[in-house]
Amino acid sequence: MAGTAWAVSQPVWAEYAYNLQIPASKVAQDVFDLHNLIMLVCLGIFIVVFGAMFYSLLKHRKSVGHKAAHFHENTTVEVIWTVIPFVILMGMAYPAAKVVIDMKDTSNPDISIKITGYQWKWGYTYLNDGVSFYSTLSTPRDQIEGTAAKGENYLLEVDEPMVVPVGKRVRLLITANDVIHSWWVPALGAKQDAIPGFIRDSWFKADKIGTYRGQCVELCGKDHGFMPIVVEVVSEADYQAWVEKKKGAASSAAADNDKTFDQAELMARGEKVYAGNCAACHQANGMGLPGVFLPINGSKVATGPVDAHISTVLNGRPGTAMAAFGGQLSDADIAAVVTYQRNAWDNKTGDAVQPAQIAAARGGAEAAAPAAQ
């Protein structure tokens, strides 16, 4: 029976992983090595302390004739049990302090990227290259809702990964738009809290080309588990090609703000925008979560005056969980998602909102926020 159980369990053990992620940067390697060193020190202390305790219990028990001894104060013993732990602690503190100091040294970066946490997505602005975009969970809703099999990177996949060149020192300027978040990619040795009103910094330099995944590790609300981080490390040539591609996409997105779309185009685009930005709270069917998030299907906002609807999406609702999307979405995207909300499900207003209306609601086209690529 034991042999059969062992054989059956092998496929499970083959999938089992332990310890930290495989390091892909010097800092991550230092953290990994420090972790292993401290664990060995703890193991040594465990063996010595419990070994002495169990030896004493076994060899000096009453049943073999030993009698309890009574003694007080022993300067030598007290010095020993004070000095040895102090030496052990200092031996652990020195390498730990070196690693922490290295993690905090963000000087001389090759690239600087501002990272902003939102409920529930990440915004990236490349300060050197003029690239800006939002990164949102791309795991399909049917997987999240349990109606389809989970994918390989379930809840760890995004529509727009952060891309950096290999071997370059990347400085991260991290903040938040609403509540406290925390940006963490273990394989790169980078972790920093994102606090509204403050900019905290961190850095990494990836040594290996590849894809590295992390998550927000600060409890930030209902969909805390739905804001993963994906960093793609590529060659310098591929990075430059990606930058040019993103700039071209930005130009196309900006051009969309000057277009007039038919309702079918707006509905198709709006459905995608809704899935990436609204469905987490208001659900794919527009019914919301009773007592938490109001429904859009049949709501007075989505079936009432279009100007009020546009204002709600642009500016949010202070004091509620309704975020302002004016700084996150382009005029074309907001026009599309408003059109979609007003005509999806049981809402049949027939409205087709155009980007020009969004620009006007912002206070003029010159005040429009940069398009999100």
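Predicted model: local features only at pLDDT ≥ 70, side-chain atom pairs only at ≥ 80, totals over all residues.

Student: What about Pro23, buried or exposed?

Tutor: Pro23 lies in the loop between α1 (2-15) and α2. Its relative accessible area is 11%, and because buried means under 20%, Pro23 counts as buried.

Student: Which residues does Pro23 touch?

Tutor: Leaving aside residues up to four places away in sequence, Pro23 touches Ala28, Gln29, Phe32, Ala187 and Lys208. As for Ile229, which is 206 residues from Pro23 along the chain, the two C-alpha atoms are separated by 16 Å.

Student: OK, moving inside. Which residues have the most contacts inside the largest nonpolar core?

Tutor: Those are Met162 and Trp183, in a core of 38 residues. Apart from that core lies another one, of 19 residues, and Cys278, Ile310, Leu314 and Ile334 are among them. As a general point, nonpolar side chains in soluble globular proteins tend to be buried together.

Student: What does Trp183 touch?

Tutor: Again not counting residues up to four places away in sequence, Trp183 touches a set of residues that includes Ile115, Trp122, Tyr124, Met162, Leu172, Phe204, Ile229 and Val231. The contacts of Trp183 also include Lys191 and Gln192.

Student: Which residue stands opposite Trp183 in β9?

Tutor: That is Cys216. Strand β6 (residues 181-185) and strand β9 (residues 210-216) pair in the antiparallel sense over two bridges, and β6 is mostly covered, with four of its five residues buried.

Student: How many bridges join β6 to β7?

Tutor: Five bridges join β6 to β7 (residues 190-194), and these strands run antiparallel. Val185 stands opposite Ala190 in this pairing. The hairpin of β6 and β7 has four residues between the strands, and within the hairpin Gly189 takes a positive phi near 65°.

Student: Back to Met162. Which faces of β4 are covered?

Tutor: Both faces of β4 (residues 162-165) are covered, with Met162 and Val164 buried on one side and Val163 and Pro165 buried on the other. That arrangement can be read with a general rule in mind: in a regular strand the side chains alternate between the two faces of the sheet.

Student: In which sense do β4 and β10 pair?

Tutor: β4 and β10 (residues 228-234) pair in the parallel sense over four bridges. Val164 stands opposite Val233, while Pro165 stands opposite Val234. Strand β10 is itself mostly covered, as six of its seven residues are buried. Six bridges also join β9 to β10, which run antiparallel, and in that pairing Gly210 stands opposite Val233.

Student: Switching to charges, how many salt bridges are there in the whole structure?

Tutor: A search of the whole structure finds 13. One of them joins Arg171 and Asp201, whose closest N and O atoms are 3.0 Å apart. This pair links distant parts of the chain, with Arg171 in strand β5 (residues 170-176) and Asp201 in strand β8 (residues 200-204), 30 residues apart.

Student: What about Arg342, buried or exposed?

Tutor: Arg342 counts as buried, because its relative accessibility is 2%. The side chain of Arg342 meets that of Asp351 in a salt bridge (2.7 Å, N to O), and Asp351, at 25%, counts as partly exposed.

Student: Which residues are linked in a network of salt bridges?

Tutor: Asp256, Lys259, Arg269 and Asp333 are linked in such a network. There is also a salt bridge between Asp193 and Lys191, with the closest N and O atoms 3.8 Å apart.

Key:
Residues numbered from 1 in each chain as written. Heavy atoms only, no water. Core = buried A, V, L, I, M, F, W, Y, C linked by side-chain atoms within 4.5 Å. Buried < 20%, exposed > 50% of the residue type's maximum accessible area, 1.4 Å probe, protein only. Contact = heavy atoms within 4.5 Å. Pairing = 2+ DSSP bridges. Salt bridge = Lys/Arg side-chain N within 4 Å of Asp/Glu carboxyl O.
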